[in-house]
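Please have a look at the sequence and the structure first.

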Amino acid sequence: MGARPFLILLSALPLSGCSGWQSALDTHGPHADSLARLFWIFLAILSTVWIVTIVMLLLALRRRREPGDDPLMTHPGTERRMTIVVSSAVALTALIVMALTIVSYGAQRVLFASRDGPLTLLVTGQQFWWKVQYEDASPARTFTTANEIHIPVGEKVLIKLESSDVIHSFWVPSLNGKLDAIPGRQNQIEIQADRPGVYRGQCAEFCGWQHAHMGLLVVAETRQDFERWRDGQISAAHIPDDPEEQKGMEIFMTKPCIMCHQIRGTSAGGKVAPDLTHVGSRQYIAAGTLPTTRGNIAAWIVDPQGIKPGVHMPLVQLAPEEIQPLATYLESLK
Amino acid sequence: MKKPIWLLPAALLLLSACEREKREFRPAQVSEETDEKIALSSLSAGPSPPSQQTTGKGKNFEENAYHISEGQKLYTWFNCNGCHSNGGGGSGPALMDDRWIYGGSIEHIVQTIREGRPNGMPSFRGKIPDDQVWQIAAYVRSMGRYTPKAASPARRDDMHPGPAEQRRPPAEMNPGGSIPSSAQMPQ
Ligand SMILES: [Cu+2]
């Protein structure tokens, strides 16, 4: 019995990461397509070069000079052949480098083609979540959300990237490459999804304790679905009529929560933490860490530092009987 | 050849003393709000001096770099800079100087933040969790460098209004406690 089955298994492991909702090789938009194409072209050409080089090396090692030959003797025929081989190898190298440069330039033309889309978002990286602001010519149609971006399928979306603290990096592998969010400056990146679907993104620049839990979702949907979603997000939060939810709202409004969080249409006006106006409509809470359920919201409120140690949401003292109504209220904010 | 292997554990031992970076994310006692008894004045009724009672919690906060830097973040999050600027003062008094109307110990500052002060300092009781009040107070003390150099912030996330707290000269502790006449009028 050898180590072979184990090795095969091990080499298959990296491949298993190549499909699914967060993969640079499972592409769903023109930008990621051109990057993946670039990757495969480079991989093919460079591995051919590598294989040819190794084969030549092995041949050279096997066909050693006969011992006893005077090393200083030159044969004009051999010399000529060597000159031809070496100079054509040099020429080929120059040609390949040039060709790859041109291919790479071609991909850049796709990546940086235009700088205006019908939709513009301002995404701000914060420790350890993403603030998302939808811009619009009319101020009444702008709104803020967090960690979940909805885009219409087949349309270019311009993303302006900023950071409020340290360097982060915006990366949705299925849609485009990475781009850093740098404090004090604005970078721009474009994404476009060709098929409806949910694509996961991740902060790709180490930014502190919870860097690994700084994910985001891009939801690509038809124009009608997108408009419906946007109208929902623009509207103010629903005012509860269920007594349990009302109690939860009252608790929220009298606790430190309002110092950090905003719920539009209420007196909660904090702007330094995720906007909770429609938190119940998002698929995940805490930047892709927990699916949005009443239980998870309660778990988060009771112990944010246990779920994401070092996160900038402190533990707020609550009485045991306050937790259930609070979680019910937040979940109802669809 | 013998290698001084024992040096390794010795070096590790040194590192274990690095309390300045210790991060306590969860408050020690979830249900308790610290309740210190601080005197604002050395005068007291009766023959004995005013009764004081501190928990010693302040020391953990003002000697810890993590708590102070969290306080620095919260100082702008909760808009203290709206009234006190970056410590130089505005509609509220300067916080980086050595004049303390209501005392400059961390317990005094915690009390100022929690209860508010009559001439325009709002009370943050119930609006900021207890540990966060202590973090902010620790940061306020670092502005005038009442905190150890090693624990004071070395950089801030936004534009620098002046040298980092760590590079400011250390201040003498002002015993604080009595209210000067300047505090009788709004500043
Ligand atoms: Cu990060």
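## Spaces inside the model

Lining the second largest cavity are 17 residues, with A:Gln305, A:Pro314, B:Glu70, B:Gln132 and B:Gln135 nearest its centre. A cavity is a set of points, on a 1 Å grid over the protein atoms alone, where a 1.4 Å probe fits but cannot get out, and lining residues have an atom within 4 Å of a point. This is a predicted model, in which local features need pLDDT of at least 70, side-chain atom pairs count only at pLDDT 80 or more, and totals for chains, interfaces and linings use all residues. Residues are numbered from 1 along each chain as its sequence is written, chains are lettered from A and ligands numbered from 1 in the order in which they are written, and side-chain values use heavy atoms, with hydrogens and water left out.

H3(B) provides the largest share of this second cavity's lining, five residues. Helices here are DSSP runs of H or I with at least four residues, strands are E runs of at least two, and both are numbered from the N terminus.

How many cavities of 30 Å³ or more are there? The count comes to five. In the largest cavity, A:His261, A:Ala273, A:Pro274, A:Trp300 and A:Met313 lie nearest the centre, among 35 lining residues. Helix H7 (294-302) and helix H9 (320-331) of chain A are among the elements that each supply at least two residues of that lining. At least three lining residues come from each of domain 2 (119-234) and domain 3 (243-331) of chain A; domain bounds come from an automatic or database domain assignment.

The model also has pockets to explore. A pocket is an open set of points with protein on both sides within 12 Å along at least five of seven lines. Of the 41 residues lining the largest pocket, A:Gln127, B:Ser69, B:Lys73, B:Arg155 and B:Asp157 are the closest to its centre. H3(B) gives the most to this lining, with nine residues. Where does the largest pocket lie? Domain 2 and domain 3 of chain A both give residues to its lining, so the largest pocket lies between them.

Here are the volumes, each being the space filled by probe spheres set on the points, with grid points joined across faces, edges and corners.

| Space | Volume |
|---|---|
| Largest pocket | about 950 Å³ |
| Largest cavity | about 580 Å³ |
| Second largest cavity | about 180 Å³ |
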